[in-house]
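The notes below follow the order in which I went through them.

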Amino acid sequence: MLSHKNREDALLGGPSSYLIGCLLVAFIVALCVWTFIIHWIIVFPELLELGVVPAVSITGFHHFLHGCLLFSLYKAVMTDPGYVKIPGAARSAEREAFQPDFCSKCLASRPQRAHHCSTCNRCVRKMDHHCLFVNNCVGQGNYKFFLLLLFYTIVGGAYNAFCDYVCIVWAHGSMDEFSRNMALANAVAICMISFILLPLFLIHMYLISRDTTTIEALKGETGKYNNGNTLRNFKKVFGNMLWMWLSPFHPPSLESVDLFSSL
């Protein structure tokens, strides 16, 4: 979790960015709450015409996807992205990973592939970028949760639109015009968000396969640290247990994939 000190550093590095990030996180939460409201007030009553079991099943999966979305957001926001500690206070494995790389802003040594975030005012291990939508840096510690946030937003949005479509088609004119328009507007808006995020998610999948961060790609260093093992590269982000890759409730087992060998 982010400490109070880390939050203070973020405020010192960019208070306006921090406040904007808080508003964007609140917007994502509000959007999810809005989809829940639309589903229960408009969609679920129409789904009951299919039967109680189908309606409950469709609604249950809808809530599962959006619950994973919200928890992924929570973990992406609250998890330490990999702030670099003072080398002398670090674990022995971390000290061995430090290379002769000096940050002129932190006035301290840092491990290879770490970058300084001007917003957080800290160096972050394997920093990918600073994301206002999670109000946090995206780095070694929370990259999995950021990607799961994208994944569940895309899949949950598509499924939400599907539920709205089934509701509109199944209603056969029984819905009033206001309810039909609300369901249609919700489906269109959510689909647009999903289509916008899909290319971003696919880009990150490609970067993971090459063991490359966004910063490294922009610097023309794509594949510089790639050892040729795509599965291992994905394990560095999602952990060794493949069946836990899509779970926002389980952090990646960073130590088991020996990340320090690639730092």
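I began with Asp211, which I located in the loop between H6 and helix H7 (214-218). Helices here (H or I, at least four residues) and strands (E, at least two) are DSSP runs, numbered from the N terminus. I read phi of Asp211 as near 50°, a positive value in a residue other than glycine. Most residues other than glycine have a negative phi. Asp211 is buried because its relative accessible area is 4%; buried means under 20% relative accessible area, exposed over 50%, and partly exposed in between, with a 1.4 Å probe and protein chains only.

Before going on I noted the conditions. This is a predicted model, in which local features need pLDDT of at least 70 and side-chain atom pairs count only at pLDDT 80 or more, while totals for chains, interfaces and linings use all residues. Residues are numbered from 1 along each chain as its sequence is written, and side-chain values use heavy atoms, with hydrogens and water left out.

**Lys126**

I looked up Lys126 next and found phi near 45°, again a positive value in a residue other than glycine. Lys126 sits in the loop between strand S4 (122-124) and strand S5 (129-131). Lys126 counts as buried because its relative accessibility is 12%.

**Cavities**

I then asked how many cavities of 30 Å³ or more the structure holds. There are two. A cavity is a set of points, on a 1 Å grid over the protein atoms alone, where a 1.4 Å probe fits but cannot get out; lining residues have an atom within 4 Å of a point. The largest cavity has a volume of about 160 Å³, the volume being the space filled by probe spheres set on the points, with grid points joined across faces, edges and corners.

I listed 15 lining residues for the largest cavity, and Lys126, Tyr143, Asp211, Thr213 and Val237 lie nearest its centre. H5, H6 and H8 are the elements that give two or more residues to this lining. H8 has the largest share, three residues. By class I noted four nonpolar, five polar and six charged residues in the lining. For these classes, Ala, Val, Leu, Ile, Met, Phe, Trp, Tyr, Cys and Pro count as nonpolar, Asp, Glu, Lys and Arg as charged, and the others, Gly among them, as polar.

I placed Lys144 in helix H5. Lys144 is buried because its relative accessible area is 2%. Beyond four places in sequence, Lys144 is in contact (heavy atoms within 4.5 Å) with Val237, Phe238, Met244, Trp245, Ser247, His250, Pro251 and Pro252.

Gly239 is in the segment after H8. Gly239 is also buried, since its relative accessible area is 3%. I read 7.6 Å between the C-alpha atoms of Gly239 and Pro251, which are 12 residues apart along the chain.

**Nonpolar cores**

A nonpolar core is a set of buried Ala, Val, Leu, Ile, Met, Phe, Trp, Tyr and Cys residues joined through side-chain atoms within 4.5 Å. I asked which of the 43 residues in the largest core touch the most other members. They are Val134, Phe146, Leu147, Ile208 and Phe238. Helix H2 (15-47), helix H3 (52-78), helix H5 (143-171), helix H6 (177-209) and helix H8 (230-238) each supply at least two residues of this core. H5 gives the most, with 14 residues.

I followed Phe238 further. Leaving aside neighbours within four places in sequence, Phe238 is in contact with Lys144, Leu147, Met205, Ile208, Trp245 and Pro252. I also found a second, separate core of six residues, including Tyr83, Cys117, Met127 and Cys137.

**Asn160**

I found Asn160 in helix H5. Asn160 counts as buried because its relative accessibility is 1%. Not counting residues up to four places away in sequence, Asn160 touches Thr35, His62, His66, Asn186 and Ile190. Asn160 and Thr59 are 101 residues apart in sequence and 9.6 Å apart in space, C-alpha to C-alpha.

**Whole chain**

The chain has eight helices and six strands, running α-α-α-α-β-β-β-β-β-β-α-α-α-α from the N terminus. Of its 263 residues, 48% count as buried. Of the contacts in the chain with a separation of 6 or more, 64% come from residues 24 or more positions apart.

Note on methods. 1 Å grid on protein atoms, 1.4 Å probe; cavity = no way out; pocket = protein on both sides within 12 Å on 5 of 7 lines; lining within 4 Å.
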